[in-house]
Amino acid sequence: MHSTLASLNARTAKTHERIKAHVYGRRVAVELSVNHLPGEPVGFDEATSGEFVPFAVGTMWGRGWGTSWFRISMTMPVDADPQAGPWELVLDLGFTYDMPGFQAEGLFWSTDGLPLKGLNPLNPYLTLPDLAPGETYTVFLEAASNPPLHKDPDIRYSDLDTAPDVPLYPFRVAALAQLDKEVYALDLDLAVLDELQAELPVGPRRAQVRDAIERALDVLDVRDVAGTASAARAELAPALASPAHAGEHIVSAVGHAHIDSAWLWPIRETMRKCARTFSNVATLAEDYPDLVFACSQVQQYAWMRDHYPEVFRRIKKAIADGNWAPVSGMWVECDSNLPGGEAMVRQFTYGKRFFADELGVEVNEVWLPDTFGYSGALPQIARLAEGRWFMSQKMSWNTTDVFPHHTFRWEGIDGTRIFTHFPPSDTYNAQLFGSELALSARNFKDSGPANRSLMAFGHGDGGGGPTREMMERARRVADLEGSPKVVVEKPRDFFAKAEAEYPQAPVWVGEMYLEFHRGTYTTHAEVKQANRRTEHQLFEAELWATTATLLTGAPYPYEELDELWREALLNQFHDILPGSSIRWVYRDAKSSYEMLDERLETVIAEALAALGGTEEGTLVAANAAPHEQGGVPAFGAGPAEVTGVVAVQREADTYVLDNGLIRVVVDADGTIGSVRDLVSGRELVPAGAKANLLQLHPDFPITYEAWDIDEYYRHTRTDLTELDGITVEGDEVVVSRSFDSSTATQRVRLDPDSPRIDISTEVDWHERERLLKLAFPLDLHATTSTSEIQFGHVTRPTHANTSWDAAKFETAAQRWVHVAEGSYGVAVVNKGTYGHDISHPLTGDSRGALPTVVRLSLVRGPLYPDPLADEGRHTFECSLLVGDIGDATREGYAKALPVRTVAGAGWDPVVACSNPDVVVSAVKLADDRSGDVIVRVYESRGARASADLRFGFDHDRVTVVNLLERTDGESETLTEVEPTAEGVLLRLRPFQISTLRVSLRNLS
């Protein structure tokens, strides 16, 4: 027989369509009525007490971002046969494609107000309880007409204010239907084997499977699918029963639903997405006790506790039953490059505290599947927060280089290592398809010494989670010849086995730079600046509140600070802070940051007022920075000193600024033509170059507009040198320009007491698909640059010797970047800018060292998903500083934490550190409200250091603790501590973080 005369694949596909059409047998009409809400969502009682009007299948419904409550009543047929299969309510709200979470979706509610289960295109049913013949059953559906912004988006729906008021969806199906279990099982049997044969090489097993499929299709009567399904399944059974070989790759599968806390929907919709998805999971666990569902993002648990208590109760039951595995312990799946060090710590401490207090669990898995690159500080932070394992998959998105490992140990900048795994299926939204399982085995880069990998299955991003079809697939491929073995288990069980089988796992050292999504360092500059400001306000609020408590007995605002920290941490979610969400999200973020600013300033003001006492007529400077400023000690208050003088002179058509340490010439076009270090005699601006130069580029990335800056943007550049005007105002040179539809005003001044140029750039930005950069060419030949990250810094190449080097054409930094030629260096310090590029000119002769060009990325203008991203006024502050890395660190903090003028006689610091390279990053009261003081320090230069830490209050015992402020974990702190008369002597390793718990002396 010639078996290739007809295509088995095509025949299988067509027959499969017929089978799916018969998964439900008998169908009965239901009665529909609707209450279309006029505005934002409301609670169950208010929604269901409103007026419901009759509604017919086929009617258009749902304006963008609207909510419609449907009342659905159904009556069990009097001749229903319960033995034929379960009865289900099946709905099609007008689903447009098979992507749950990116279109209309809903939540079923019982008539007594309990959420039952979510509804989406791939989970379109509600299984009914056992009903007697003729019995009527009623449920409500809270239906959300969320616009489809992921595929063929209409950007008018980026914000509620611009969304058209027209219905989006045709309500296609509403029926009471009886599930034919045998046809349903045939559907899955055939799918699993068909997907298997598609991945198998030509050989006996593939031939066996294809023969079984053909025999099943032969006995299946497509005119009577229900009557012949059992016979067809019998033909497939031997192929499904053939066990996997002993050495097959093992896939540890875990249910998952990566729900973006905001993205193509606002936060208010994320709360509802969580309720739908988590209800799905809880219901699925009741039917499939072998389900294990991993869930991160503590914020989403808190939403359920506060807004959906019944869902939260079901989550806790699923945890107790072993079906639900909380993971990560971070407040949200935050960005890893943009949050500051202390904020990264609090992601863990607030998250893990909630897990312990509300759920009674401790977690060891750090879970960041979708974050846009991974800071080299994260291994130490994670381990000090009792994280033992790290999971992601985003590095598979690299567009230039292929990451060399799937299972390895990741070493951070301080030398801390964490066991790490990237699922080789290259997704966190797997569905247990044969292609995904085959990819996991074929793609696994550590085969040989290791033989197991993780697969997270379930609909994600917009929610949905695992389905019964996925669980049925998992059962069929658990032990199937030709397929990896699949075991559904908790992530911690996978990690324990993977670590045990691979003791000599390779090591990746330093940051994991994602060769993609480089625009996220810059897009929505106003949010990034607000984040930076908020982080330092939180530090300052804790510092002064602690100081006031210790020195005056003022009450410590525990509740207020906790609430404000949690709000700030939410805003660091990896699609909010990076700038990759719809406009609605940023309207909410603006309100959030305004609230944070107001309330944090109130906390700070109240603490400073308490510290000022009753002294009248005296003004002092309060210094919250961890280094002395103007003669005022770190964390203290006293008279400020300004000793230097800045001279500003007009010389021909240039302006000269001079403070005795540095001399700056602003040329006639408003750029800086000379920066001379008067101490060393060095000229820092290369001959013929222009510093403080605004440069405009086209910005039209191939794939993801808000996310990406593509390398070819550098091919075209416009130097903005045309002037509107140049003047002197006090000690500042003010330069004004216009370009296209925008304007820029720059103010250039010198600090009186240091070799530092301060530059303020105010941009009124109205450009789309453009990128504005600020350039500083420097007469330094630096083959590497140094960028501050959390609790330290990283060194990156300024050349493009390898593809790995070339791919780093845009990088992220915290408060500063630094370039050096030997021992001589220059830093560019910023106040809320993250994106940079540091390189050498592509043209030039070989007779001398080429200069190094440092550029800051100021503002962009992508059209999607927010068509007005970055539109409007921005002010960017940066400084050019002659000095080393220690000077850069000091000035970075000084720019973020300027002194405040307060009334009073001043006060001494409650914490003082003798070594400026050992930075105090937190002074607060302990989370357990014992009154103990928490002091966190880190070594900032990248060298071993010792420091005397002195406490300005009566203290007793000083204990080294982990980030959770405990000593009962597994993390090793390795801090050497010696008691002294006034505090302790610390000895730290390079970039080491150390947390001290200081108990107060009981004077009673």
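User: Hi! Which helix is Asp-187 found in?
Analyst: Asp-187 is found in helix H3, residues 181-199. Helices here (H or I, at least four residues) and strands (E, at least two) are DSSP runs, numbered from the N terminus. Before we go on, this is a predicted model, in which local features need pLDDT of at least 70 and side-chain atom pairs count only at pLDDT 80 or more, while totals for chains, interfaces and linings use all residues. Residues are numbered from 1 along each chain as its sequence is written, and side-chain values use heavy atoms, with hydrogens and water left out.

User: Thanks! Why does Asp-187 count as buried?
Analyst: Its relative accessibility is 8%, so Asp-187 counts as buried. The cut-offs use a 1.4 Å probe and protein chains only: buried is under 20% relative accessible area, exposed is over 50%, and partly exposed lies in between.

User: And what is Asp-187 in contact with, leaving aside neighbours within four places in sequence?
Analyst: With those neighbours set aside, Asp-187 is in contact with His-16, Ile-19, Lys-20 and Val-23. Contact means heavy atoms within 4.5 Å.

User: Switching to H1 and H4, at what angle do they pack?
Analyst: Helix H1 (residues 8-21) and helix H4 (residues 204-219) pack at about 45°, and their axes are 11 Å apart. Axes are lines fitted to C-alpha atoms, for helices over the stretch in contact, and angles run from 0 to 180 degrees between N-to-C directions. H1 and H4 are therefore oblique to each other. On this scale, under 35 degrees is roughly parallel, over 145 roughly antiparallel, 65 to 115 roughly perpendicular and the rest oblique.

User: Which residues of H1 and H4 make the contact?
Analyst: H1 contributes Leu-8, Asn-9, Arg-11, Thr-12 and Thr-15, and H4 contributes Arg-210, Ile-213, Glu-214, Leu-217 and Asp-218. By class, the contact of H1 with H4 has three nonpolar, three polar and four charged residues. Ala, Val, Leu, Ile, Met, Phe, Trp, Tyr, Cys and Pro count as nonpolar, Asp, Glu, Lys and Arg as charged, and the others, Gly among them, as polar.

User: How do H8 and H9 pack?
Analyst: Helix H8 (residues 309-321) packs against H9 at an angle of about 85°, with the axes 12 Å apart. H8 and H9 are therefore roughly perpendicular to each other. Phe-312, Lys-316 and Ile-319 of H8 meet Phe-354, Glu-358 and Leu-359 of H9. That contact of H8 with H9 has four nonpolar, no polar and two charged residues.

User: Now sheets. In what order do E46, E47, E49 and E52 form the open sheet?
Analyst: The order is E46-E47-E52-E49, and the pairing is antiparallel. Two strands pair if DSSP finds at least two bridges between them. Strands E46 (918-925) and E49 (955-961) stand at the edges with a single partner strand each, so one side of each is left without a neighbour in the sheet. From one strand to the next, the twist averages 25°.

User: How many bridges pair E46 and E47?
Analyst: Seven bridges, in the antiparallel sense, join E46 to strand E47 (residues 933-939). Lys-924 stands opposite Ile-934 in E47.

User: Which strands does helix H9 lie across?
Analyst: Helix H9 (residues 341-359) lies across E46 and E47, running at about 45° to E46. Helix H14 (residues 525-552) also packs on the sheet, where H14 touches E46, E47 and strand E52 (993-1000) and makes about 60° with the direction of E46.

User: What about E51, how many of its residues are buried?
Analyst: Five of the six residues of strand E51 (983-988) are buried. Strand E48 (residues 945-951) runs antiparallel to E51 and is joined to E51 by six bridges, with Ser-946 opposite Arg-987. Strand E50 (residues 976-979) pairs with E51 in the antiparallel sense over four bridges. E50 and E51 form a hairpin with three residues between them, and Glu-978 stands opposite Leu-985 in E51.

User: Last one: where is Thr-96 found?
Analyst: Thr-96 is in the loop between strand E6 (87-92) and strand E7 (105-109). At 46% relative accessibility, Thr-96 counts as partly exposed. Leaving aside neighbours within four places in sequence, Thr-96 is in contact with Gln-103 and Tyr-169. Thr-96 and Tyr-169 are 73 residues apart along the chain, and their C-alpha atoms are separated by 8.6 Å.
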